[in-house]
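Thanks for coming. Please look at it first.

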Amino acid sequence: MNAQFLEKTFYDVFFSTYQTVLKGGFDEPFYLACDESGVSQIQYRYNYASSALHEVSHWCVAGKERRQQDDFGYWYAEDGRTLAQQKEFEKFEVQPQAYECLFHWSCGMKFDVSVDNLALPDYDPSPFRNVVLHRVSELIENGLPNRVSLFAQALFARHYQSSESLVIPHLRECYENYCR
C-alpha cells in the first residue's frame, strides 16, 4: 500500500472538518496538536503504511480534548518494557489496534498485532492478538465509530473501486478468513 494514498484519503475525508493531516517521513510517530498554520499533524515513521494506519487509529480513539494536546497527552513506555509493563501497554492498545486492523483490511493489507517490545524476544503475542480480534469482531457486528467508519469506507471504496456500503461485509469476510 502506498503511504501517499493513505495521506490523500485521510486529507479528503477529514481535513475540512478537523484541519488535520497525515504526514510521513519522521523517525518517530508523533501527534502535533497544532502547527504554526493551525493544522494538526499525525506524523508517522518514514513512509510506512502500517505506521500511518496505526497513528490514524490513535487519532480515532482520541476525543476532542485529547486531540488538542501534543501526542494526545499520553505517556509512552518505550521498547524495553518489563512483562508487567507490557501487559499494561496492551490494555491501552486493544482499541487502536482493533481500528488499525479494520483499516488494514479495508485497503487490502495484511494485519498482525504489534507488541512493540524487542526486550521480550520470547513473548507470545497470541493472547493479545485474541483480545484485539475479539474487539474487531464486536466492532464489525455492533457498528464502527464515526471517524473509523468514514476512513474505512473511503479506504475500501478507493482501493477496491467499490461501493463504500460493502465495507462491513468485506471486513466480516476478512475476519472469518483471518480466524480460520
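By contact I mean heavy atoms within 4.5 Å. This is a predicted model, where local features need pLDDT of at least 70 and side-chain atom pairs count only at pLDDT 80 or more, while totals for chains, interfaces and linings use all residues. Residues are numbered from 1 along each chain as its sequence is written, and side-chain values use heavy atoms, with hydrogens and water left out.

Start at arginine 67. Leaving aside neighbours within four places in sequence, arginine 67 is in contact with Tyr18, Tyr31, Ala33, Trp59, Ala62, Phe72 and Arg147. The side chain of arginine 67 also reaches the backbone oxygen of alanine 62, at 2.9 Å.

Which side chain of opposite charge is nearest to arginine 67? That is glutamate 65, 11 Å away.

Arginine 67 sits in the loop between helix 2 (49–61) and helix 3 (83–106). Helices here are DSSP runs of H or I, at least four residues, and strands are runs of E, at least two, numbered from the N terminus.

Now helix 2. Of its 13 residues, 11 are buried, among them Trp59. The cover over those buried residues includes helix 1 (3–18), strand 2 (30–32) and helix 5 (146–160).

Finally, the whole protein: it has six helices and three strands, and 42% of its 180 residues count as buried.

Key
Buried means under 20% relative accessible area, exposed over 50%, partly exposed in between (1.4 Å probe, protein chains only). Lys and Arg count as positive and Asp and Glu as negative; His and the chain ends are not counted. A salt bridge is a side-chain nitrogen of Lys or Arg within 4 Å of a carboxyl oxygen of Asp or Glu. A polar contact is a pair of N or O atoms within 3.5 Å; within protein, one must be able to donate a hydrogen and the other to accept it, and residues adjacent in sequence count only if both atoms are side-chain atoms.
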